[in-house]
Amino acid sequence: MAEALELKAWTRARTGKGGARASRREGRIPGILYGDKSTPEIIDVDYRAITQQLHTGHFQSTIFILDLDGAKTRVIPRQVQLDPIRDFPIHVDFMRVGEHSLVTVEVPVRFLNEAASPGIKRGGILNIVRHEIPVRCPADAIPEHFDVDLTGLEIGDSVHISAIKLPEGVKPTITERDFTVATIVGRTAEEAAPAAAAAAAEPGAEEAAATPAEAAPEKDKDEKEKKKKD
């Protein structure tokens, strides 16, 4: 397992909205540290450090060492609250991670060997049902990602969780069914419509479409001649 990254944190003296706003003015994000049968603590963390980690895409499935006023504790981010308009972090909760702790995290999925999928080669599309898979695992053994090999998959084939080899001690949180992770699908009706329109625009198609209309005047003329004879 890779060495845990360290995050600087400070105990926050003021509580409530006023204290949170003061923290943000100082370039910090207010938060809470809880778990491991210890008293929750109101804390601040560095804004830049948190935003950098959020950009990695796996912030909430990473173990950190939280340096809280010199006391270091293993933690995992649990909830991140974002500004509803500007989408930057305004609050973050951390859970203490004790020895032998189990955690629930979402692990990203990587799809490999698209070029080796006959279905994709024939114009099929990789339809990803789950970009991440929720699992329960030891805090010291959180997988960085799961790999799905697309080699040999045809249009109509599906990849289920049972087809993914999970490390020892890692179990999906959804246990009542063999859920789908991805499928190889054909082109949709919307995608096929332009092709149908192009086919209709072929010279032969235009002539075929015009034939009944062009024949109508001749039919009318024959009817008139017949009425005169009668």
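Reply: What follows describes the aromatic pairs, then the charges placed over rings.

The model is predicted. The count of aromatic pairs comes to 2. In one of them, the ring centres of F59 and F64 are 5.5 Å apart; the planes meet at 50 degrees, so this pair is tilted. An angle under 30 degrees would have counted as stacked, and one over 60 as edge-to-face. Both residues can be checked for burial, where the cut-off is under 20% relative accessible area. F59 has a relative accessible area of 2% and is therefore buried. F64 is at 0% relative accessibility, so F64 also counts as buried.

F59 also pairs with F94: their ring centres lie 6.5 Å apart, and because the planes stand at 85 degrees the pair is edge-to-face. F59 sits in the loop between helix 2 (47–54) and strand 4 (64–68), whereas F94 belongs to strand 6 (residues 89–96), so this pair ties together parts that are 35 residues apart in sequence. F94 is buried, as is F59. Taken together, F59, F64 and F94 make up one aromatic cluster.

R28 lies over the face of W10, 3.8 Å from the ring centre. R130 is placed over the face of F179, at 4.8 Å from the ring centre.

R28 has a further contact with S23, a residue of helix 1 (residues 16–25). Leaving aside residues up to four places away in sequence, S23 touches R12, R28, P30 and D44. S23 counts as buried because its relative accessibility is 3%.

Terms used: Residues are numbered from 1 along each chain as its sequence is written. This is a predicted model: local features need pLDDT of at least 70, side-chain atom pairs count only at pLDDT 80 or more; totals for chains, interfaces and linings use all residues. Side-chain values use heavy atoms; hydrogens and water are left out. Helices (H or I, at least four residues) and strands (E, at least two) are DSSP runs, numbered from the N terminus. Buried means under 20% relative accessible area, exposed over 50%, partly exposed in between (1.4 Å probe, protein chains only). Contact means heavy atoms within 4.5 Å. Rings of Phe, Tyr and Trp (its six-membered ring) pair if their centres lie within 6.5 Å; planes under 30 degrees apart count as stacked, over 60 as edge-to-face and the rest as tilted. A charge sits over a ring if NZ of Lys or CZ of Arg is within 6 Å of the ring centre and within 35 degrees of the ring normal.
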